[in-house]
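Dear colleague,

Here is the structure that I promised to hand over to you. Please open it first, and then read my notes below beside it.

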Amino acid sequence: MIDSVPPDGRAGIDASLVKRLIEDQFPQWGDLPVTPVEVDGWDNRTYRLGEEMTVRLPTAAGYAPAVDKEHRWLPVLAPSLPVAVPMPLAKGVPGAGYPFGWSIRRWMEGRTATLDRVDDPCAFAESVAGFLLALRRVDATGGPAAGAHSFYRGAPPAHYDEDTRRALAALDGQLDTGLASAVWDAALEATWSGPPVWFHGDVAGGNLLVRDGKLAAVIDFGTSGVGDPACDLVIAWTMFSGDSREAFRRAIGQDRAMWARARGWALWKALIVLAEKLGTDEEQAAVQRRVIDEVLADHKDAG
């Protein structure tokens, strides 16, 4: 947990702007205090509105489509899921110099997930798997097909082939790029042939809330959609390891092709971040090296 709220104003969004938007568009809440949340995301800025609501504002045009998508679909998904998800209350429009739509949701209690905050890492992994399986069972009819709005999560990983090859070239000599290329090639070959299902698109510790040591909520459905759910398995390497990874793997099931694509998704992200951070942010580079090493080892174990 960070010690203090980061400085306000990222992406040109600050509490005074949010206050003006609320006063102009939702005057019934205009007297409520607006304060930055302690742990903020990247795609959106989030503020607490009074005690029971939050305000969520996209930081760039590429993230703006998520506002309408979440407003439309979160109420549809929520009744079928085993833990809480954000509940939209109102949708704002551009104003006060802010160019995008934005949303107001119910405040959700909990802390972002780290394994030291959960009572039992294996049980937590099983809970995450249970959430994902429940999400996939929701009727996908009419749901938003994977594409630009989901940053191509849920689509074939081939969309990121050029980025991945570029990162592999940049990292030559820094890791086993031959084995990494084999993992990526295997992901491209393992095509999805099932019916489209719901996926979350960004299953990570920062989007999982813990309360009383257990999974309490899943947030940020900005990259959600309908398609191939392999992208939702990357948490097997980015958060879980050892027994908790095996617990997740057993609980979620899935065939070899699904896991091959999942390794591809995990590898793609770790490679491009490592290529960017190498020599400038060694702490983040070390995190990505660990993910890559474990993905490569998993590929070898899978035969």
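Asp 220 is found in the loop between β9 and β10 (225-227); here helices (H or I, at least four residues) and strands (E, at least two) are DSSP runs, numbered from the N terminus. Please keep in mind that this is a predicted model, in which local features need pLDDT of at least 70 and side-chain atom pairs count only at pLDDT 80 or more, while totals for chains, interfaces and linings use all residues. Residues are numbered from 1 along each chain as its sequence is written, and side-chain values use heavy atoms, with hydrogens and water left out.

Asp 220 has a positive phi of about 55° although it is not a glycine. In general, most residues other than glycine have a negative phi. Is Asp 220 buried or exposed? Asp 220 is buried, with a relative accessible area of 14%, where buried means under 20% relative accessible area, exposed over 50%, and partly exposed in between (1.4 Å probe, protein chains only). Ala 96, in the loop between β4 (88-92) and β5 (102-106), also has a positive phi of about 55° and is not a glycine, but Ala 96 is partly exposed, with a relative accessible area of 35%.

The strand β9 belongs to an open sheet of three strands in the order β6-β8-β9, with antiparallel pairing; two strands pair if DSSP finds at least two bridges between them. The edge strands, each of which pairs on one side only, are β6 (111-112) and β9 (214-218). Four bridges join β8 (residues 208-211) to β9, with Leu 209 opposite Ala 217 and Val 210 opposite Leu 215. In the hairpin of these two strands, which has two residues between them, Asp 212 takes a positive phi near 55°.

Although β9 is an edge strand, four of its five residues are buried. Helix α3 (residues 121-137) lies across β8 and β9, and runs at about 30° to β9 (axes are lines fitted to C-alpha atoms, for helices over the stretch in contact, and angles run from 0 to 180 degrees between N-to-C directions).

In helix α7 (residues 242-252), the buried residues are Ser 244, Arg 245, Ala 247, Phe 248, Arg 249 and Ile 252. Their cover includes α3, α6 (235-238), α8 (256-277) and α9 (282-302). Just after α7, Gly 253 takes a positive phi of about 70°.

Phe 240 lies in the loop between α6 and α7 and counts as buried, at 0% relative accessibility. Which residues does Phe 240 touch, leaving aside its neighbours within four places in sequence? Its contacts (heavy atoms within 4.5 Å) are Leu 115, Phe 124, Ala 125, Val 128, Ile 235, Arg 245, Phe 248 and Glu 294.

**The cavity**

A search of the whole structure finds one cavity of 30 Å³ or more, and about 60 Å³ of space lies in the largest cavity. On a 1 Å grid over the protein atoms alone, a cavity is a set of points where a 1.4 Å probe fits but cannot get out, and lining residues have an atom within 4 Å of a point; grid points are joined across faces, edges and corners, and a volume is the space filled by probe spheres set on the points. Asp 220 is one of the lining residues, which also include Asp 43, Arg 56, Tyr 63 and His 149.

With best wishes

Conventions:
On a 1 Å grid over the protein atoms alone, a cavity is a set of points where a 1.4 Å probe fits but cannot get out, and a pocket is an open set with protein on both sides within 12 Å along at least five of seven lines; lining residues have an atom within 4 Å of a point.
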